[in-house]
Amino acid sequence: MPTIYSDKQAKTILSRASGYLDTGFTHSLNPYSGCAFACRYCYVREMPVQTFKDEPWGDWVERKTNAAELYVQEVRRLRRKNEPVRLFMSSATDPYQPIEREAKLTRQLLEAMLDAPPDFLQIQTRSPLVGRDLDLLILLNGQCQLLVSLTVETDREDMKRLFAPHAPAIQQRLKTLTALHDAGITTQAALSPVLPFTPAFPELLQGIVDRIWIDTLRIGDGTMGRRSKRLGMPELFAQEGLEAWYAEDIHLRIDRYFRKFFPDQMIRLSKTEAYPDETSGSR
Ligand code: SF4
């Protein structure tokens, strides 16, 4: 079914960081509600924003058309109170929805940030479209601490097709990481949630990321695996003969494997190490 798009005037745009983000971030920033990528494992499917909707997850996207305007107002209010602004964009959508090509809400937000910069911005996306905004990212990089994190759950396109068929191709995400890194932007590969990969996966990330963050469906869904279970993930892994990749200690095994290829300070594991600090490869 084609995605249903609509516009809305949001009441606020910055949400106080809680749960998984309450580790150093102060706010999350979601320019859209809903998500056209419709990943099968997406934990937002289990959250009120979706459970109170009639349309299935992936079939609807709302554009928060006043996002940039609200951002400036809210950041200025926080600054008047001397409050820090450490942003995660985005936690319940992807800020580079396909419709972002025309809607440009995320681009408008980056422009607004040049006038009212946060202290720290982490962009979290699966989309190569973030590369369109390289001009603004380069400027913003001089004004605040910036991390662009591309989700790269696996290097296997067959796994991507199985778990996230509507998300952009892995190869495109790797190319985007290369371009951002070459331009001097601090980059992260978010192996989150980790899906079965080939032994060559770490080598594909060498030289294009400053940081690798690992999380799994079992420990990274905000409910220690209960949401992933409700979404049928254990069954999907079993149906494909991939049970070993859903093992209780899989995060530890993957962490150990990646440490053979990267220095310890580049590897971060799950919630407690999600927030970047000065030791984690910022350039
Ligand atoms: S891109 Fe993110 S928000 Fe969108 S469906 Fe996938 S996991 Fe959910």
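## Strands and pairing

Two strands count as paired here if DSSP finds at least two bridges between them. By that rule, β10 and β11 are partners: they run parallel and are joined by three bridges. The model you are looking at is a predicted one.

Both strands belong to an open sheet of eight strands with mixed pairing, in the order β2-β3-β6-β7-β8-β9-β10-β11. β2 (14-16) and β11 (267-269) stand at the edges with a single partner strand each, so one side of each has no neighbour in the sheet. From one strand to the next, the twist averages 25°.

## A closer look at β10

On the β9 side, residues 187-191 of β9 pair with residues 211-214 of β10 in the parallel sense, over four bridges. Here R211 is the bridge partner of Q188, and I212 is that of A189. Towards β11, W213 stands opposite R268.

In a regular strand, side chains alternate between the two faces of the sheet. β10 shows R211 and W213 pointing one way and I212 and I214 the other, with all of them buried.

## The nonpolar core

Nonpolar side chains tend to be buried together in soluble globular proteins. In this model the largest nonpolar core has 64 residues, and L87, V148, A189, L191, I212 and I214 touch the most other members.

Leaving aside residues up to four places away in sequence, I212 touches A189, L191, L205, F258, F262, M266, I267 and R268.

## Around the ligand

Which residues surround the ligand? They are C35, F37, A38, C39, C42, V44, T93, D94 and R126. By class, this shell has six nonpolar, one polar and two charged residues.

How values were computed:
Residues are numbered from 1 along each chain as its sequence is written. This is a predicted model: local features need pLDDT of at least 70, side-chain atom pairs count only at pLDDT 80 or more; totals for chains, interfaces and linings use all residues. Helices (H or I, at least four residues) and strands (E, at least two) are DSSP runs, numbered from the N terminus. Axes are lines fitted to C-alpha atoms, for helices over the stretch in contact, and angles run from 0 to 180 degrees between N-to-C directions. A residue is near a molecule or strand if its C-beta atom, placed from the backbone, lies within 6 Å of it. Ala, Val, Leu, Ile, Met, Phe, Trp, Tyr, Cys and Pro count as nonpolar, Asp, Glu, Lys and Arg as charged, and the others, Gly among them, as polar. A nonpolar core is a set of buried Ala, Val, Leu, Ile, Met, Phe, Trp, Tyr and Cys residues joined through C-beta atoms within 7 Å. A residue is buried if 20 or more other C-beta atoms lie within 10 Å of its own, exposed if 12 or fewer, and partly exposed in between; C-beta atoms are placed from the backbone. Two residues are in contact if their C-beta atoms, placed from the backbone, lie within 7 Å.
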